[in-house]
Amino acid sequence: MIGNANNIEAEIIGLLARKVPASISVTPQTSIVGGLGLDSVAILDFIMDLEDRFDISIPLDRVAEVQTVSELSQAIEALKRTAG
Amino acid sequence: MALFSKFGDVRTALDLLASDGRSPFDVRFDRIISATEAVLESRPCLLFGTNNYLGLTFDETCIAAAAKSVHENGTGTTGSRIANGTYCDHALLERRIAEFYGKRAAMIFTTGYQANLGLISTIAGREDQLLIDADSHASIYDACKLSTAEVIRFRHNDPEDLARRLQRLKDRPGNRIIVTEGIFSMLGDSAPLKEIVAVKRELGATLVVDEAHSLGTRGKKGRGVCEEAGVENDVDFVVGTFSKSLGAIGGFAVSDVPDFDLLRILCRPYMFTASLPPAVVGSVTAALSRLSTDASLGARVRLNSAKLYRALALAGFELGPEPNAIIAIKMPDTGTAVRFWNRLIDRGVYANLALPPATPGSLSLIRCSVSAAHTEAQIDTALSVIVSVGRELRVLDSDPEEAPVLRTGSLLT
């Protein structure tokens, strides 16, 4: 079930919503770097939470390629597939 | 200018920081009087934010060695270590550092930043994986950017988390390289090296420890947290700096790994920059000798650190987790931190202002560093100023009438 991209995306949105002010609406198109008011370290710490949640490691170069919530979800799905 | 329009947010943040008084990024000392005193804005100022842990910047033997070197060998080498920039004194300093650590080989770099940048980016190849502590210094993060290896962060000072991340890599080709620090530069906490070494042994990895802030301040012989934890034989590379306890500038890496010398022609931040100038090599060699032969330096910085840490904790400040030469005072928010920092300077105490994203957990900190050269009176004065500003800005809520007597001298007796 977690392997489903939509579920991963929904989970990321749910976790992010707890990190940012209620006034910020988080959607699949939300930019993680510019759209949430989180600094670079806070974003990396959030990525770490996702790594624990999905039991994968997301290398920093993969994080750097990701712009939106949707892209992050796709990256996690791909890493989960690779991890088997 | 369109080119700089992407920095608009930075300009806004910088202007906001400076609007409370002086710019935290543009402090100019009129004169440095000693390892612990300066003149700033035409007023005397106590230095509690300089990383000058052993107070050797004005040590007579170090100054004499620097002067002798500059007279004998000139102001600069004007070349790289692999061209014309290696003098007998560079080689001598490398031998001395290797002897100090009891390791086979040492390399010196032009800055501590370059030591991390060079060593880590070179030893980690395309098939390898770097596992770095999440709170690592910027030089370690930048080394990761320069490296072609995959980079994974593990939770700060969490060996179990490190083990989980290593386990996930178990079927992958390549070498795992763990990078951590003896003492972390923002909160002054130290790494659980015994436990990290146990993980390394169990799951197989190379271990790099940056002892920038622990050289001279920890360990009986001043070799840092690796020495204190008794794990030196399990640490494959120790990295450090000359710009803190040794009072100058430069960096180094030591190791027993065979073929370590190959790094001299593989490591770009070592090869493509000018080598350390003779005066620096001279003073660092003398400072290392002072550290090796005078155990009281390390003992004094630890005693002074413990005094200030305990007194600040007793006053009610929220501090980093352990008493080291770096003492971080947690501020409730960035605005208070900036005001606090300005008022300390107004009253003649210089400490560092540390703000997110340079800090872990988005903390705003007043970061003090303690020196072996601080006198008890200087520590008492700084303490009194810090507590007084803490009360004014309501970082401390205790009533001054009821507050305990905060003379540091009474705390250890």
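Begin by colouring chain B by its two parts: domain 1 (17-47 + 295-410) and domain 2 (59-293), where the bounds come from an automatic or database domain assignment. What you see is a predicted model, in which local features need pLDDT of at least 70 and side-chain atom pairs count only at pLDDT 80 or more, while totals for chains, interfaces and linings use all residues. Residues are numbered from 1 along each chain as its sequence is written, and chains are lettered from A and ligands numbered from 1 in the order in which they are written.

**Chain B as a whole**

Show chain B as a cartoon, and you can trace 13 helices and 14 strands; helices (H or I, at least four residues) and strands (E, at least two) are DSSP runs, numbered from the N terminus. The radius of gyration of chain B, taken over C-alpha atoms, is 22 Å, close to the 22 Å that the globule rule (2.2 Å times the number of residues to the power 0.38) gives for 413 residues, so chain B is as compact as a globular protein of that length. The C-alpha trace of chain B spans about 65 × 60 × 55 Å along its principal axes. Of the 413 residues in chain B, 49% are buried, that is, they have 20 or more other C-beta atoms, placed from the backbone, within 10 Å of their own.

Now look between the two colours: the C-alpha centres of domain 1 and domain 2 of chain B lie 28 Å apart. Their contact (C-beta atoms, placed from the backbone, within 7 Å) takes 17 residues from domain 1 of chain B and 15 residues from domain 2 of chain B. On the domain 1 side, select helix H11 (295-315), strand S11 (326-331) and strand S14 (364-369) of chain B, the elements that give two or more residues; H11(B) gives the most, with four residues.

**The nonpolar core**

Next, select Leu130(B), Val208(B), Leu312(B), Ile327(B), Ile329(B) and Ile366(B), which have the most contacts inside the largest nonpolar core, a set of 118 residues. Such a core consists of buried Ala, Val, Leu, Ile, Met, Phe, Trp, Tyr and Cys residues joined through C-beta atoms within 7 Å. Helix H10 (residues 278-293) of chain B supplies the largest share of this core, eight residues. Why does this core lie between domain 1 and domain 2 of chain B? Both domains give residues to this core, so it lies between them. Centre the view on Ile366(B), which, leaving aside residues up to four places away in sequence, touches Ile329(B), Met331(B), Ala337(B), Phe340(B), Trp341(B), Ala351(B) and Leu353(B).

**A hairpin and its neighbour**

Move to strand S2 (residues 37-40) and strand S3 (residues 43-47) of chain B, which run antiparallel and are joined by four bridges; two strands pair if DSSP finds at least two bridges between them. Glu37(B) stands opposite Leu46(B) in S3(B). These strands form a hairpin with two residues between them, and Glu41(B) in the turn has a positive phi of about 50°. S3(B) also runs parallel to strand S12 (residues 349-350) of chain B, joined by two bridges, with Tyr350(B) in S12(B) as the bridge partner of Leu47(B).

**Across to chain A**

Finally, show both chains, whose contact takes 10 residues from chain A and 12 residues from chain B. On the chain A side, helix H2 (40-54) and helix H3 (60-65) each supply at least two residues, and H2(A) gives the most, with five residues.

How values were computed: Contact = placed C-beta atoms within 7 Å. Buried ≥ 20, exposed ≤ 12 C-beta atoms within 10 Å, placed from the backbone.
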